[in-house]
Amino acid sequence: MSEAAQERPARGAGGLTGAKVGTFLAKQGILIAFILFMVGFTLANDRFLDPDNILGVIRSSAILGVMALGVTFVVISGNLDLSVGSLMSFSTIVVLDLHDTLGPALAIPAMFGLTLAIGAVIGFLVGYLRLNSLIVTLGMLSAIHGLTLTWSGGQNMDIADKEGTWFSVFGQGTALGIPVPILMFALLAAVLGIVLAKTPFGRKVYAVGGNGTAATFSGIRRARTVFTCYLISAFCVATAGLIQASRSMGSQNTVGQGMELEVLAAVILGGASLMGGSGTIFKTVIGVLILGFIQNGLLLIGLQFYVQFVVTWIIIILAVWLDIAAKRGRLLSPIA
Amino acid sequence: MMAPGRLSTFLRSGAIWAFIALELAFFSIAGQFLSASDTAFLTWDSLLLLLKQSAPLGIIAMGMTLVMVNGNIDLSVGAIFALAAVILLDSMTWPFMAAMGDWSLPLAWVFALLVGVALGAVNGFLVWKTGVDAFIVTLGAMLGFRGLVFMYNGEQPTSHLNWTLVDFAEAQFLGLHTATWFLLLVTVGMWWLMNRTVHGRNAYAIGDNREAAVNAGIRVGPHMMINFMIIGFLAALSAVVFYSETGSVNPNDGMLYELWIITAVVLGGTKLTGGSGSIVSTLGGVLAIQILRRGLNHIGADTSTVNLVIGLILIAVLFLDRQLNVKGKEALRI
């Protein structure tokens with residue numbers, strides 16, 4: 001984590017020397033890989049760069065992306081959140097159920113409230129009680145799944161009157177010719193990006209994740225910072241659940257199952273260290289888009305969807321490996 | 001191991017068995033009033049069945065204990081489990097194997113187990129040579145290995161029922177099922193490995209303080225790689241024992257196994273930070289979860305309650321453990 005702390009303020013120096021180009025390449029490796037992938041897929045299939053295709057990819061990545069934004073905060077603060085997939089199922093089921101009983105205008109804030117309440121519980125356990133986040137969120141993954149099943153009675157949830165409601169706007173609508181999920185993703189990314197990079201709170205998140213003890217000694221309220229990160233994560237999950245519910249207008253209990261690890265993969269791909277203290281919203285967005293475009297590109301060149309699993313595996317390990325290798329200055333680990 | 005206080009150590013190692021006793025008592029009594037069926041919760045047959053059903057997760061949990069004591073984690077076991085099962089069932093239909101008749105069965109087992117060891121070796125080698133955290137390596141592998149399962153046979157289930165194998169898997173020797181015997185065998189073997197061999201000692205040492213282990217001349221990398229090969233082997237063993245009986249595997253089988261297994265291992269008191277944990281307590285953790293599932297089922301609770309209760313218990317255990325070890329390590333990180 002100390003390397004991560006040193007690595008951050010180095011940005012913004014002028015002048016192009018060989019060493020600086022090397023560091024630039026190492027630091028922006030993920031961006032370069034992204035561009036290479038785009039070029040490769042474009043050459044392989046001319047439909048790839050079609051605006052409709054691109055919008056389609058971003059739209060289908062939006063749910064994962066929105067969740068990844070929140071998890072970025074949690075990961076930078078030095079913790080993990082494995083419960084986001086389960087929590088997303090919960091918010092989707094809840095908002096669909098409440099839609100028919102309370103109406104959409106009340107269902108949405110109610111769902112956000114409930115999801116944030118669960119986020120607050122996790123934040124309390126990890127932040128204030130300082131329990132290990134991996135196990136807490138693993139436990140919450142199971143517990144929230146139980147809550148979701150209890151809420152739905154194990155049944156699929158459907159909106160009864162799919163035509164007569166404006167609820168579909170979040171998942172299916174367009175504004176200014178751009179699908180609403182993309183707009184929500186972009187807006188949230190912009191806001192959270194500014195919060196993380198430009199506000200005192202953002203600096204605290206980095207400080208807590210980089211060196212929690214040092215942060216405490218310099219007067220940062222560590223518990224409160226971690227707590228807030230989990231609230232942000234829960235807010236993002238609620239937004240993702242809203243998009244998911246509105247897009248499909250009906251859902252199974254397990255809609256978000258397994259997404260926690262995909263989200264984490266996107267965040268890691270964006271270069272956030274699991275040790276905390278490093279990562280940015282921008283890089284996470286790139287990580288999400290890489291996953292989305294690879295999936296799409298592989299489908300377009302005629303490969304089955306599951307090939308992307310293998311490709312993702314290779315990319316994740318390469319990305320993290322090269323990142324570490326650049327920091328330590330040698331390719332192989334010094335482990336004997 | 002370097003106990004800060006005898007009492008807390010005793011409480012920790014004994015707690016899981018006390019918890020099991022509590023569960024058994026609770027479900028036996030509650031079952032009298034709440035159960036729909038007239039059968040008691042604790043009968044000899046249901047106990048045997050409980051042990052048998054604990055085997056698939058239990059066998060892998062033993063390997064997870066070793067890997068976690070060593071300071072790593074393996075999230076890819078569910079995918080290894082599935083791939084080994086696919087290899088086991090598919091290899092029996094290969095022409096030269098089919099020509100061998102029942103003699104192909106041990107060979108099919110060997111193939112599946114070798115695949116498990118090989119996948120574990122890939123993980124271990126990557127952790128060793130790249131220096132990437134085991135969490136990330138095996139998270140990637142969880143996706144990648146799952147992709148291999150799909151690439152092998154598409155989205156179709158792989159099926160092959162061999163009656164000799166089914167008879168073997170369903171056999172009962174001295175009352176215990178084949179799967180139970182494997183669980184016990186693995187438990188004893190892993191206990192021996194961790195407590196009576198140099199490799200086991202070193203695994204604890206590396207997990208407790210890697211720097212010190214390096215300075216003491218322990219080769220950290222090969223030890224980690226061997227441990228990943230062992231958990232790969234055990235994941236495959238779990239698959240061959242289980243699928244010998246059922247004879248059909250879906251490409252999604254074994255998903256979320258890693259989470260259940262980690263839950264069981266943590267319930268048994270193994271630390272995520274490494275350096276502390278015991279095989280016997282892990283067995284307790286596995287049994288505790290299985291009893292909870294069966295017990296809640298017995299008193300008429302549905303799956304949702306099981307998930308809820310297990311999640312909450314996991315967090316409660318973590319909290320209690322922390323309270324008992326206030327003077328323990330300050331920063332609990334993965």
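**Figure 1. The loop holding M249(A).** M249(A) sits in the loop between α12 (222–248) and β4 (250–251) of chain A; helices (H or I, at least four residues) and strands (E, at least two) are DSSP runs, numbered from the N terminus. This is a predicted model, in which local features need pLDDT of at least 70 and side-chain atom pairs count only at pLDDT 80 or more, while totals for chains, interfaces and linings use all residues. Residues are numbered from 1 along each chain as its sequence is written, and chains are lettered from A and ligands numbered from 1 in the order in which they are written. Although M249(A) is not a glycine, its phi is positive, at about 55°. Most residues other than glycine have a negative phi. M249(A) is buried, with 20 other C-beta atoms within 10 Å. (A residue is buried if 20 or more other C-beta atoms lie within 10 Å of its own, exposed if 12 or fewer, and partly exposed in between, with C-beta atoms placed from the backbone.)

**Figure 2. L174(B) and H177(B) in chain B.** Look for L174(B) in the loop between β2 (172–173) and β3 (176–177) of chain B. L174(B) is not a glycine, yet has a positive phi of about 55°. L174(B) is exposed, with 6 other C-beta atoms within 10 Å. H177(B) lies in strand β3 of chain B and counts as buried, with 21 C-beta neighbours inside 10 Å. Not counting residues up to four places away in sequence, H177(B) touches L48(B), K52(B) and Q172(B); two residues are in contact if their C-beta atoms, placed from the backbone, lie within 7 Å.

**Figure 3. Helices α2 and α8 of chain B, side by side.** Helix α2 (residues 44–69) of chain B packs on helix α8 (residues 178–196) of chain B at an angle of about 20°, with the axes 8 Å apart. That makes α2(B) roughly parallel to α8(B), a label given to angles under 35 degrees. Axes here are lines fitted to C-alpha atoms, for helices over the stretch in contact, and angles run from 0 to 180 degrees between N-to-C directions. Residues making the contact include L51(B), A55(B) and I59(B) of α2(B), and F182(B), L183(B) and V186(B) of α8(B). By class, this contact has eleven nonpolar, four polar and one charged residues. (Ala, Val, Leu, Ile, Met, Phe, Trp, Tyr, Cys and Pro count as nonpolar, Asp, Glu, Lys and Arg as charged, and the others, Gly among them, as polar.)

**Figure 4. Helix α9 of chain B and its cover.** Eight of the eleven residues of helix α9 (residues 198–208) of chain B are buried, so α9(B) is largely enclosed by the rest of the structure. Among the buried residues are N202(B), Y204(B) and D208(B). Their cover includes α2, α8, α10 (210–215) and α11 of chain B.

**Figure 5. Where chain B meets chain A.** In this view, 49 residues of chain B are in contact with 43 residues of chain A. On the chain B side, α6(B) gives the most, with 14 residues. That side has 30 nonpolar, twelve polar and seven charged residues.

**Figure 6. L83(B) in the largest nonpolar core.** Of the 210 residues in this core, M67(A), L83(B), A84(B) and A112(B) touch the most other members. (A nonpolar core is a set of buried Ala, Val, Leu, Ile, Met, Phe, Trp, Tyr and Cys residues joined through C-beta atoms within 7 Å.) α11(B) gives the most to the core, with 17 residues. Leaving aside neighbours within four places in sequence, L83(B) is in contact with V115(B), L119(B), F145(B), L148(B) and V149(B).

Terms used. Parallel < 35°, antiparallel > 145°, perpendicular 65-115°, else oblique.
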